[in-house]
Amino acid sequence: MANVHRIFGSELSPYSVKVRSYFRYKKIAHEWVLRSSANQEEFQLYAKLPLIPLVVTPEGQGLQDSTPLIEHFEKLHPEPSIHPADPALGFLSALIEEYADEWGNKPMFHYRWFYEVDRQSAAERIARQMMPGLDEASVAGAVQTVSGRMVPRLKLVGSSAATKDQIEASYLRQLAILEAHFESRKYLFGARPVLGDFGLYAQLYECSTDPTPGALLREPAPRVLGWIERMLDPRNEGELESWESLRPTVFPLLRDEVGAIFLPWTSANARALGAGEKEFSLTLGDKPFTQETQKYHARSLAALRARYAAVTDKSRLDPILADARCLEPLREG
Ligand SMILES: N[C@@H](CCC(=O)N[C@@H](CS)C(=O)NCC(=O)O)C(=O)O
(Lines give C-alpha, C1' and ligand atoms only; values in the text may rest on other atoms or scores of the structure.)
Protein backbone atom coordinates (compact mmCIF):
# COMPACT_ATOMS: atom_id res chain seq x y z
CA MET A 1 0.00 0.00 0.00
CA ALA A 2 2.77 2.40 -0.94
CA ASN A 3 1.45 5.91 -1.56
CA VAL A 4 -1.77 5.40 0.34
CA HIS A 5 -2.64 7.85 3.10
CA ARG A 6 -4.53 6.51 6.10
CA ILE A 7 -7.32 8.63 7.59
CA PHE A 8 -8.16 7.58 11.14
CA GLY A 9 -11.66 8.88 11.69
CA SER A 10 -15.28 8.18 12.42
CA GLU A 11 -18.54 8.56 10.56
CA LEU A 12 -19.71 10.49 13.65
CA SER A 13 -16.86 13.01 13.57
CA PRO A 14 -17.57 16.09 11.42
CA TYR A 15 -13.90 17.01 11.04
CA SER A 16 -13.13 13.45 9.92
CA VAL A 17 -15.78 13.33 7.18
CA LYS A 18 -14.69 16.84 6.13
CA VAL A 19 -11.14 15.61 5.47
CA ARG A 20 -12.36 12.39 3.85
CA SER A 21 -14.50 14.38 1.37
CA TYR A 22 -11.48 16.52 0.54
CA PHE A 23 -9.34 13.43 -0.15
CA ARG A 24 -12.10 11.99 -2.33
CA TYR A 25 -12.46 15.25 -4.26
CA LYS A 26 -8.72 15.48 -4.89
CA LYS A 27 -8.50 11.77 -5.69
CA ILE A 28 -5.66 11.36 -3.18
CA ALA A 29 -5.23 7.62 -2.57
CA HIS A 30 -6.38 6.91 0.96
CA GLU A 31 -7.73 4.29 3.31
CA TRP A 32 -10.49 5.22 5.78
CA VAL A 33 -9.60 3.61 9.10
CA LEU A 34 -12.38 3.57 11.71
CA ARG A 35 -10.80 4.72 14.95
CA SER A 36 -11.32 2.02 17.55
CA SER A 37 -9.76 0.18 20.47
CA ALA A 38 -8.28 -2.20 17.86
CA ASN A 39 -5.95 0.52 16.50
CA GLN A 40 -5.20 2.39 19.72
CA GLU A 41 -1.44 1.69 19.68
CA GLU A 42 -1.03 2.66 16.06
CA PHE A 43 -3.07 5.84 16.58
CA GLN A 44 -0.94 6.86 19.54
CA LEU A 45 2.23 6.34 17.56
CA TYR A 46 1.30 9.17 15.15
CA ALA A 47 -1.19 11.42 16.99
CA LYS A 48 0.03 14.41 18.98
CA LEU A 49 -3.46 14.99 20.41
CA PRO A 50 -6.20 12.43 21.21
CA LEU A 51 -8.34 13.83 18.38
CA ILE A 52 -9.63 12.63 15.03
CA PRO A 53 -9.12 12.95 12.16
CA LEU A 54 -5.50 11.82 12.06
CA VAL A 55 -3.90 11.45 8.61
CA VAL A 56 -0.84 9.22 8.38
CA THR A 57 1.12 9.84 5.19
CA PRO A 58 2.87 7.04 3.25
CA GLU A 59 6.14 8.45 4.67
CA GLY A 60 4.82 7.93 8.19
CA GLN A 61 4.06 11.54 9.09
CA GLY A 62 1.04 12.12 11.36
CA LEU A 63 -1.12 15.19 10.58
CA GLN A 64 -4.02 16.59 12.59
CA ASP A 65 -6.39 19.56 12.64
CA SER A 66 -8.59 19.63 9.57
CA THR A 67 -8.05 23.21 8.34
CA PRO A 68 -4.21 23.30 8.27
CA LEU A 69 -4.31 19.67 7.13
CA ILE A 70 -6.43 20.54 4.08
CA GLU A 71 -4.21 23.56 3.35
CA HIS A 72 -1.15 21.29 3.49
CA PHE A 73 -2.63 18.96 0.86
CA GLU A 74 -3.96 21.86 -1.20
CA LYS A 75 -0.34 22.94 -1.80
CA LEU A 76 0.58 19.43 -2.94
CA HIS A 77 -2.60 18.93 -5.03
CA PRO A 78 -3.57 22.41 -6.22
CA GLU A 79 -6.00 21.36 -8.98
CA PRO A 80 -8.94 21.71 -9.00
CA SER A 81 -8.40 24.47 -6.45
CA ILE A 82 -10.78 24.75 -3.52
CA HIS A 83 -9.91 28.46 -3.31
CA PRO A 84 -11.77 30.78 -5.70
CA ALA A 85 -9.45 32.94 -7.81
CA ASP A 86 -11.47 36.05 -6.88
CA PRO A 87 -9.83 37.27 -3.62
CA ALA A 88 -13.17 38.41 -2.17
CA LEU A 89 -14.76 34.98 -2.70
CA GLY A 90 -11.56 33.28 -1.52
CA PHE A 91 -11.81 34.99 1.85
CA LEU A 92 -15.59 34.51 2.16
CA SER A 93 -15.14 30.79 1.61
CA ALA A 94 -12.57 30.65 4.44
CA LEU A 95 -14.85 32.75 6.65
CA ILE A 96 -17.75 30.33 6.11
CA GLU A 97 -15.46 27.42 6.88
CA GLU A 98 -14.37 29.02 10.16
CA TYR A 99 -18.03 29.74 11.04
CA ALA A 100 -18.93 26.10 10.39
CA ASP A 101 -16.00 24.58 12.30
CA GLU A 102 -16.32 26.77 15.37
CA TRP A 103 -20.00 27.77 15.58
CA GLY A 104 -21.75 25.28 13.28
CA ASN A 105 -20.39 22.59 15.57
CA LYS A 106 -22.63 23.91 18.37
CA PRO A 107 -26.01 22.91 16.88
CA MET A 108 -24.46 19.58 15.89
CA PHE A 109 -23.06 18.85 19.36
CA HIS A 110 -26.07 20.32 21.16
CA TYR A 111 -28.70 18.25 19.35
CA ARG A 112 -26.59 15.08 19.58
CA TRP A 113 -26.10 15.17 23.34
CA PHE A 114 -28.97 17.30 24.73
CA TYR A 115 -31.96 15.12 23.88
CA GLU A 116 -32.28 11.55 25.12
CA VAL A 117 -33.26 10.04 21.74
CA ASP A 118 -30.23 11.59 20.05
CA ARG A 119 -27.87 10.64 22.88
CA GLN A 120 -28.94 7.03 22.71
CA SER A 121 -28.58 6.92 18.93
CA ALA A 122 -25.12 8.52 18.80
CA ALA A 123 -23.73 6.78 21.87
CA GLU A 124 -24.73 3.38 20.48
CA ARG A 125 -23.12 4.05 17.11
CA ILE A 126 -19.93 5.31 18.81
CA ALA A 127 -19.81 2.37 21.22
CA ARG A 128 -20.19 -0.18 18.42
CA GLN A 129 -17.45 1.50 16.41
CA MET A 130 -14.99 2.01 19.25
CA MET A 131 -15.43 -1.54 20.59
CA PRO A 132 -15.69 -3.86 17.59
CA GLY A 133 -17.18 -7.24 18.48
CA LEU A 134 -19.06 -5.83 21.47
CA ASP A 135 -21.64 -8.44 22.50
CA GLU A 136 -25.28 -7.35 22.69
CA ALA A 137 -25.43 -7.78 26.47
CA SER A 138 -22.67 -5.18 26.87
CA VAL A 139 -24.14 -2.54 24.54
CA ALA A 140 -26.31 -0.82 27.18
CA GLY A 141 -23.35 -0.38 29.55
CA ALA A 142 -21.12 0.93 26.75
CA VAL A 143 -23.84 3.42 25.73
CA GLN A 144 -23.90 4.69 29.32
CA THR A 145 -20.11 5.04 29.32
CA VAL A 146 -20.08 7.04 26.07
CA SER A 147 -22.98 9.28 27.16
CA GLY A 148 -21.35 9.79 30.55
CA ARG A 149 -18.24 11.09 28.78
CA MET A 150 -19.98 13.28 26.18
CA VAL A 151 -22.98 14.82 27.99
CA PRO A 152 -20.86 16.85 30.47
CA ARG A 153 -19.12 18.39 27.43
CA LEU A 154 -22.35 20.22 26.51
CA LYS A 155 -21.21 22.78 29.05
CA LEU A 156 -17.95 23.30 27.16
CA VAL A 157 -19.78 24.25 23.96
CA GLY A 158 -22.23 26.48 25.85
CA SER A 159 -25.30 24.28 25.36
CA SER A 160 -27.76 24.38 28.26
CA ALA A 161 -31.48 24.85 28.92
CA ALA A 162 -30.75 28.60 28.95
CA THR A 163 -29.01 28.70 25.55
CA LYS A 164 -30.80 25.94 23.64
CA ASP A 165 -33.21 28.32 21.91
CA GLN A 166 -30.36 30.46 20.55
CA ILE A 167 -28.46 27.42 19.26
CA GLU A 168 -31.55 25.82 17.71
CA ALA A 169 -32.66 29.09 16.11
CA SER A 170 -29.23 29.37 14.51
CA TYR A 171 -29.57 25.86 13.06
CA LEU A 172 -33.03 26.54 11.61
CA ARG A 173 -31.96 29.91 10.19
CA GLN A 174 -28.93 28.33 8.57
CA LEU A 175 -31.09 25.64 6.97
CA ALA A 176 -33.65 28.15 5.65
CA ILE A 177 -30.92 30.29 4.05
CA LEU A 178 -29.16 27.29 2.53
CA GLU A 179 -32.38 25.73 1.23
CA ALA A 180 -32.99 28.87 -0.84
CA HIS A 181 -29.33 28.95 -1.86
CA PHE A 182 -29.29 25.41 -3.25
CA GLU A 183 -32.34 25.98 -5.40
CA SER A 184 -30.12 26.92 -8.31
CA ARG A 185 -26.63 25.52 -7.70
CA LYS A 186 -24.79 22.34 -6.75
CA TYR A 187 -22.20 23.69 -4.31
CA LEU A 188 -21.80 26.77 -2.12
CA PHE A 189 -20.15 28.98 -4.74
CA GLY A 190 -21.18 27.25 -7.96
CA ALA A 191 -20.51 24.02 -9.82
CA ARG A 192 -17.58 22.78 -7.72
CA PRO A 193 -16.80 22.81 -3.99
CA VAL A 194 -14.74 25.44 -2.16
CA LEU A 195 -13.18 25.26 1.31
CA GLY A 196 -16.41 26.57 2.88
CA ASP A 197 -18.39 23.61 1.47
CA PHE A 198 -16.18 21.09 3.25
CA GLY A 199 -16.54 22.72 6.67
CA LEU A 200 -20.23 23.53 6.43
CA TYR A 201 -21.46 20.25 4.95
CA ALA A 202 -19.57 18.21 7.57
CA GLN A 203 -21.46 19.64 10.55
CA LEU A 204 -24.80 19.38 8.73
CA TYR A 205 -24.08 15.83 7.57
CA GLU A 206 -23.71 14.84 11.22
CA CYS A 207 -27.00 16.60 12.02
CA SER A 208 -28.68 14.68 9.21
CA THR A 209 -27.71 11.35 10.81
CA ASP A 210 -29.16 12.22 14.25
CA PRO A 211 -32.90 11.78 14.97
CA THR A 212 -33.92 15.29 16.11
CA PRO A 213 -31.87 17.58 13.81
CA GLY A 214 -32.22 15.02 10.98
CA ALA A 215 -36.02 15.30 11.10
CA LEU A 216 -35.77 19.10 11.21
CA LEU A 217 -33.61 18.95 8.08
CA ARG A 218 -35.23 16.29 5.92
CA GLU A 219 -38.73 17.71 5.57
CA PRO A 220 -38.11 21.42 5.08
CA ALA A 221 -34.64 21.29 3.51
CA PRO A 222 -34.47 18.59 0.80
CA ARG A 223 -32.04 20.63 -1.30
CA VAL A 224 -29.67 20.98 1.64
CA LEU A 225 -29.86 17.22 2.03
CA GLY A 226 -29.04 16.79 -1.67
CA TRP A 227 -25.96 19.00 -1.27
CA ILE A 228 -24.87 17.05 1.85
CA GLU A 229 -25.12 13.84 -0.19
CA ARG A 230 -23.13 15.40 -3.06
CA MET A 231 -20.47 16.58 -0.61
CA LEU A 232 -19.83 13.04 0.61
CA ASP A 233 -18.15 12.47 -2.75
CA PRO A 234 -17.85 15.90 -4.38
CA ARG A 235 -17.06 16.44 -8.05
CA ASN A 236 -15.75 19.23 -10.21
CA GLU A 237 -18.86 19.95 -12.29
CA GLY A 238 -17.86 23.32 -13.74
CA GLU A 239 -17.24 26.94 -12.93
CA LEU A 240 -17.69 29.05 -9.82
CA GLU A 241 -20.18 31.94 -9.90
CA SER A 242 -19.55 35.64 -9.37
CA TRP A 243 -20.35 37.44 -6.11
CA GLU A 244 -23.22 39.20 -7.87
CA SER A 245 -24.95 35.93 -8.65
CA LEU A 246 -24.23 34.43 -5.19
CA ARG A 247 -25.15 37.52 -3.22
CA PRO A 248 -28.95 37.02 -2.80
CA THR A 249 -28.50 33.91 -0.64
CA VAL A 250 -24.86 34.08 0.57
CA PHE A 251 -25.21 37.58 1.99
CA PRO A 252 -28.00 36.53 4.44
CA LEU A 253 -25.72 33.78 5.76
CA LEU A 254 -22.94 36.31 6.29
CA ARG A 255 -25.21 38.93 7.86
CA ASP A 256 -27.57 36.81 10.00
CA GLU A 257 -25.21 34.06 11.11
CA VAL A 258 -21.55 35.06 10.65
CA GLY A 259 -21.89 38.78 11.41
CA ALA A 260 -24.75 38.66 13.94
CA ILE A 261 -23.74 35.55 15.91
CA PHE A 262 -20.46 33.87 15.12
CA LEU A 263 -18.02 36.80 14.99
CA PRO A 264 -19.42 38.58 18.09
CA TRP A 265 -19.26 35.26 19.96
CA THR A 266 -15.73 34.26 18.91
CA SER A 267 -14.40 37.82 19.46
CA ALA A 268 -15.91 37.84 22.97
CA ASN A 269 -14.22 34.50 23.67
CA ALA A 270 -10.84 35.82 22.49
CA ARG A 271 -11.19 39.01 24.56
CA ALA A 272 -12.16 37.10 27.69
CA LEU A 273 -9.28 34.70 27.21
CA GLY A 274 -6.89 37.65 26.84
CA ALA A 275 -8.22 39.05 30.11
CA GLY A 276 -7.65 35.71 31.83
CA GLU A 277 -11.36 35.05 32.37
CA LYS A 278 -12.71 31.53 32.68
CA GLU A 279 -16.17 32.33 31.34
CA PHE A 280 -17.68 34.92 29.03
CA SER A 281 -21.11 36.19 28.22
CA LEU A 282 -22.63 38.21 25.39
CA THR A 283 -26.09 39.00 24.11
CA LEU A 284 -27.12 36.86 21.14
CA GLY A 285 -30.54 37.63 19.78
CA ASP A 286 -32.25 39.07 22.82
CA LYS A 287 -30.73 36.88 25.51
CA PRO A 288 -27.39 36.35 27.25
CA PHE A 289 -25.24 33.49 25.98
CA THR A 290 -22.67 32.28 28.48
CA GLN A 291 -19.92 29.75 28.03
CA GLU A 292 -16.45 28.80 29.26
CA THR A 293 -13.57 30.42 27.37
CA GLN A 294 -11.83 28.13 24.86
CA LYS A 295 -8.26 28.48 23.64
CA TYR A 296 -8.77 26.67 20.35
CA HIS A 297 -11.41 29.12 19.06
CA ALA A 298 -9.10 32.05 19.81
CA ARG A 299 -6.21 30.41 17.94
CA SER A 300 -8.33 29.76 14.86
CA LEU A 301 -9.78 33.28 14.99
CA ALA A 302 -6.20 34.62 14.99
CA ALA A 303 -5.49 32.49 11.90
CA LEU A 304 -8.64 33.86 10.21
CA ARG A 305 -7.62 37.45 11.00
CA ALA A 306 -4.15 36.77 9.56
CA ARG A 307 -5.83 35.39 6.45
CA TYR A 308 -7.92 38.56 6.18
CA ALA A 309 -4.85 40.78 6.66
CA ALA A 310 -3.05 38.87 3.88
CA VAL A 311 -5.73 39.62 1.25
CA THR A 312 -3.88 42.11 -0.91
CA ASP A 313 -6.83 43.55 -2.82
CA LYS A 314 -9.65 44.20 -0.34
CA SER A 315 -11.50 46.68 -2.55
CA ARG A 316 -14.46 44.36 -3.24
CA LEU A 317 -14.23 42.36 -0.02
CA ASP A 318 -14.41 45.15 2.56
CA PRO A 319 -17.77 46.61 1.49
CA ILE A 320 -19.34 43.13 1.63
CA LEU A 321 -17.88 42.48 5.08
CA ALA A 322 -18.90 45.93 6.31
CA ASP A 323 -22.52 45.47 5.11
CA ALA A 324 -22.67 42.10 6.90
CA ARG A 325 -21.13 43.59 10.07
CA CYS A 326 -18.16 41.27 9.75
CA LEU A 327 -15.44 43.85 9.18
CA GLU A 328 -14.68 45.23 12.64
CA PRO A 329 -14.24 41.83 14.35
CA LEU A 330 -11.80 40.80 11.60
CA ARG A 331 -9.70 43.91 12.09
CA GLU A 332 -9.57 43.61 15.88
CA GLY A 333 -6.81 41.82 17.70
N1 LIG B 1 -10.01 21.38 15.20
C2 LIG B 1 -9.97 19.94 15.06
C3 LIG B 1 -11.09 19.33 15.85
C4 LIG B 1 -10.98 17.82 15.98
C5 LIG B 1 -11.99 17.29 16.99
O6 LIG B 1 -12.50 18.02 17.84
N7 LIG B 1 -12.26 15.98 16.91
C8 LIG B 1 -13.20 15.34 17.82
C9 LIG B 1 -14.19 14.50 17.06
S10 LIG B 1 -15.12 15.42 15.90
C11 LIG B 1 -12.45 14.38 18.73
O12 LIG B 1 -11.58 13.66 18.30
N13 LIG B 1 -12.77 14.39 20.03
C14 LIG B 1 -12.11 13.54 20.98
C15 LIG B 1 -13.05 12.74 21.75
O16 LIG B 1 -14.22 12.73 21.45
O17 LIG B 1 -12.59 12.08 22.68
C18 LIG B 1 -10.06 19.60 13.57
O19 LIG B 1 -10.49 20.45 12.78
O20 LIG B 1 -9.62 18.52 13.17
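**Ligand site and pockets of the predicted model**

The shell of residues around the ligand consists of 7 nonpolar, 2 polar and 3 charged residues (Ala, Val, Leu, Ile, Met, Phe, Trp, Tyr, Cys and Pro count as nonpolar, Asp, Glu, Lys and Arg as charged, and the others, Gly among them, as polar). The structure is a predicted model, in which local features need pLDDT of at least 70 and side-chain atom pairs count only at pLDDT 80 or more, while totals for chains, interfaces and linings use all residues. Residues are numbered from 1 along each chain as its sequence is written, and side-chain values use heavy atoms, with hydrogens and water left out.

The shell comprises Ser13, Pro14, Tyr15, Pro50, Leu51, Ile52, Pro53, Asp65, Ser66, Arg149, Arg153 and Tyr296 (a residue is near a molecule if one of its heavy atoms lies within 4 Å of it). An N or O atom in the side chain of Asp65 is 3.0 Å from a nitrogen atom of the ligand. For oxygen atoms of the ligand, the distance is 2.6 Å to an N or O atom in the Ser66 side chain and 3.3 Å to a polar side-chain atom of Arg153. The ligand taken alone exposes 520 Å², of which the protein buries 77% (accessible areas by the Shrake-Rupley method with a 1.4 Å probe).

The ligand sits in the largest pocket (more than half of its atoms lie within 2 Å of the grid points of the pocket). A pocket is an open set of points on a 1 Å grid over the protein atoms alone, where a 1.4 Å probe fits, with protein on both sides within 12 Å along at least five of seven lines; lining residues have an atom within 4 Å of a point. The space in the largest pocket is about 1,700 Å³ (the space filled by probe spheres set on the points, which are joined across faces, edges and corners). It is lined by 44 residues, and Tyr15, Pro50, Leu51, Ile52 and Arg153 are the closest to its centre. Helix α4 gives the most to this lining, with 8 residues (helices are DSSP runs of H or I, at least four residues, numbered from the N terminus). By class, the lining has 21 nonpolar, 13 polar and 10 charged residues.

The second largest pocket has a volume of about 240 Å³. Among its 14 lining residues, Thr67, Glu98, Ser300, Ala303 and Leu304 are the closest to the centre. Two or more residues come from each of α3, α4 and α13, and α13 gives the most, with 6.

Methods: A polar contact is a pair of N or O atoms within 3.5 Å; within protein, one must be able to donate a hydrogen and the other to accept it, and residues adjacent in sequence count only if both atoms are side-chain atoms.
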